[in-house]
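We will go from stop to stop together.

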Amino acid sequence: MDLRLIAGFLLFSAVASAQLAITTSSVPVATQYQGYSTALMATKGTPPYTWSVVQSTGISLPEGMSLNPATGVVSATQVNGQGGYAVTVQVTDSGSPSPGVATATLNFGVYSDSSYGGCQMFPLD
């Protein structure tokens with residue numbers, strides 16, 4: 001029996017079972033009208049990774065936030081949304097011939113900044 005063949009098979013099996021996974025399970029809560037930054041993390045698979053928000057769910061990041069596809073950093077100069085957002089994110093690895101894909105739903109919360117007292121939409125009568 002050729003030991004190199006067995007070792008090659010075992011190595012291939014170990015690489016094939018290294019399934020891509022998003023390891024971020026929660027993100028910090030943001031405050032309305034403030035800056036924000038957090039990094040999403042993934043493990044296994046074949047780097048580099050490409051990050052995106054799954055648009056088919058109809059729920060996007062809070063207004064003002066964006067996801068850097070190359071780094072997985074979600075950031076905002078100023079968060080304008082408020083409330084809770086159950087956002088599904090996706091990471092794709094660089095595996096060949098077929099890239100690995102993983103998704104996770106993360107809850108992005110935005111505290112309302114009450115120091116502004118809300119805004120008056122219409123003039124008083």
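Predicted model: local features only at pLDDT ≥ 70, side-chain atom pairs only at ≥ 80, totals over all residues.

Residues are numbered from 1 along each chain as its sequence is written, and side-chain values use heavy atoms, leaving out hydrogens and water.

**Stop 1: the sheet.** Select strands S3, S7 and S6, which form an open antiparallel sheet in that order. Strands here are DSSP E runs of at least two residues, numbered from the N terminus, and two of them pair if DSSP finds at least two bridges between them. S3 (36-39) and S6 (66-67) are the edges, each with a single partner strand, so one side of each has no neighbour in the sheet.

**Stop 2: the pairings.** S3 and S7 are joined by four bridges; find Ala39 opposite Val73. S6 and S7 share two bridges, with Leu67 facing Val74 and Ser66 facing Ser75. Five residues lie between S6 and S7 in their hairpin, and Gly72 in the turn has a positive phi of about 80°.

Stop 3: Buried means under 20% relative accessible area with a 1.4 Å probe, protein chains only.

**Stop 4: Phe108.** Which residues touch the most other members of the largest nonpolar core? They are Tyr36, Met65 and Phe108, out of 25 residues. Such a core is a set of buried Ala, Val, Leu, Ile, Met, Phe, Trp, Tyr and Cys residues joined through side-chain atoms within 4.5 Å. Strand S9 supplies its largest share, five residues. Beyond its neighbours within four places in sequence, Phe108 is in contact with residues including Val27, Leu61 and Val74; contact means heavy atoms within 4.5 Å.

Note on methods
Buried < 20%, exposed > 50% of the residue type's maximum accessible area, 1.4 Å probe, protein only.
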